[in-house]
Amino acid sequence: MIPRHYMVANARNRLKSYIELYLKEEIMEEAVVHNVDDFVRFLELAAISDGEMLNYENVAADCGVSANTVKSYYKILCDTLLGFEVPAYSKVIKRKLTKASRFYFFDVGIANYLTGRHHLAPKTPEYGHAFEHLVMQEIVAYLGYSDSEEKLTYWHTYDNLEVDAVIGDARVAIEIKSTDSVQASHKKGLAEFAKEHPNVKQILVSRDRVTRRRGDVDLYYVTDFFKELWEGTIV
């Protein structure tokens with residue numbers, strides 16, 4: 001994550017300066033792209049679709065450039081470490097799976113700044129997206145800092161069943177919900193994934209403040225999850 005931007009009096013200015021510096025030093029001075037204005041527009045659209053399955057054609061249509069150009073723009077973001085892709089889990093057991101990767105900016109603050117999301121209200125879709133992004137970037141950070149060889153993927157079926165994060169060969173499955181009260185419906189994706197992978201460790205991360213085990217699923221309050229993640233007890 002960006003050092004200390006969450007502790008300063010005006011984080012928005014810090015994020016604004018970061019984006020401007022990135023565009024000046026990484027893009028303009030290195031002449032990475034031919035049209036910086038198109039790339040700036042792309043950044044905004046990439047932030048809007050942050051955490052969603054990559055669809056180059058849709059983004060290209062909104063940007064007014066080709067799908068191949070959009071694909072190259074995403075590669076630039078990954079190559080310059082401004083973002084990362086989470087590939088789709090590909091081991092088919094019964095259900096047909098989607099194959100597109102998901103893209104996340106390396107820090108949720110970047111996505112929030114680019115989309116103008118400055119005051120996120122709980123129980124809104126924007127808050128849910130940001131919450132998922134925060135947890136995902138923490139998982140990615142842990143896997144990187146711990147030199148883990150475990151691969152991070154996500155599971156999504158053609159009938160829209162989903163698990164946000166799968167670690168290893170179905171060793172750990174993590175669903176992320178911004179709710180403050182976990183319900184049975186929130187565990188549906190995990191339950192269906194476990195039917196195909198019965199030995200998987202099932203985890204649901206949320207804002208529900210009581211960390212506990214319910215059935216086969218470990219329910220974690222988000223800060224408890226972060227603590228155990230970095231203590232090495234999750235992965």
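Helices α5 and α6 are roughly antiparallel to each other, a label given to angles over 145 degrees, while those under 35 count as roughly parallel, 65 to 115 as roughly perpendicular and the rest as oblique. This is a predicted model, in which local features need pLDDT of at least 70 and side-chain atom pairs count only at pLDDT 80 or more, whereas totals for chains, interfaces and linings use all residues. Residues are numbered from 1 along each chain as its sequence is written, and side-chain values use heavy atoms, with hydrogens and water left out.

Let's stay with that helix pair. Two packed helices are described by the angle between their axes and the distance between the axes. Here the axes of α5 (residues 108-115) and α6 (residues 125-145) come within 9 Å and cross at roughly 150°. Such axes are lines fitted to C-alpha atoms, for helices over the stretch in contact, and angles run from 0 to 180 degrees between N-to-C directions. Helices (H or I, at least four residues) and strands (E, at least two) are DSSP runs, numbered from the N terminus.

Which residues meet? From α5 come V108, A111 and N112, and from α6 come A130, H133, L134 and Q137; contact means heavy atoms within 4.5 Å. The residues of this contact divide into four nonpolar, three polar and no charged. In this scheme Ala, Val, Leu, Ile, Met, Phe, Trp, Tyr, Cys and Pro are nonpolar, Asp, Glu, Lys and Arg are charged, and the others, Gly among them, are polar.

Helix α5 also holds I110, which is buried at a relative accessible area of 0%. Buried means under 20% relative accessible area, exposed over 50%, and partly exposed in between (1.4 Å probe, protein chains only). The C-alpha atoms of I110 and L15 are separated by 6.6 Å, although these residues are 95 apart along the chain.

Now turn to the sheet. Its six strands form an open sheet in the order β3-β4-β5-β6-β8-β7, with mixed pairing; two strands pair if DSSP finds at least two bridges between them. At the edges are β3 (152-156) and β7 (212-214), each pairing on one side only. On average, neighbouring strands of this sheet are turned by 30° against each other, direction ignored.

Within the sheet, β5 (residues 172-176) and β6 (residues 201-206) run parallel and are joined by five bridges. A173 stands opposite Q202 in β6. With 8% relative accessibility, Q202 counts as buried. Leaving aside residues up to four places away in sequence, Q202 touches A173, L190, A191, A194, D216, V217 and D218.

Finally, look at the rings. The whole structure has 15 aromatic pairs. Rings of Phe, Tyr and Trp (its six-membered ring) pair if their centres lie within 6.5 Å; planes under 30 degrees apart are stacked, over 60 edge-to-face and the rest tilted. F39 and F42 have ring centres 5.7 Å apart and planes at 40°, so this pair is tilted. Being three residues apart in helix α2 (residues 36-48), F39 and F42 are separated by about one helical turn. F39 is buried at 0% relative accessible area, and F42 is buried at 0% too.

W155 and F193 form an edge-to-face pair, 5.1 Å centre to centre with 75° between the planes. W155 lies in strand β3 and F193 in helix α7 (residues 188-196), so the pair ties together parts that are 38 residues apart in sequence.
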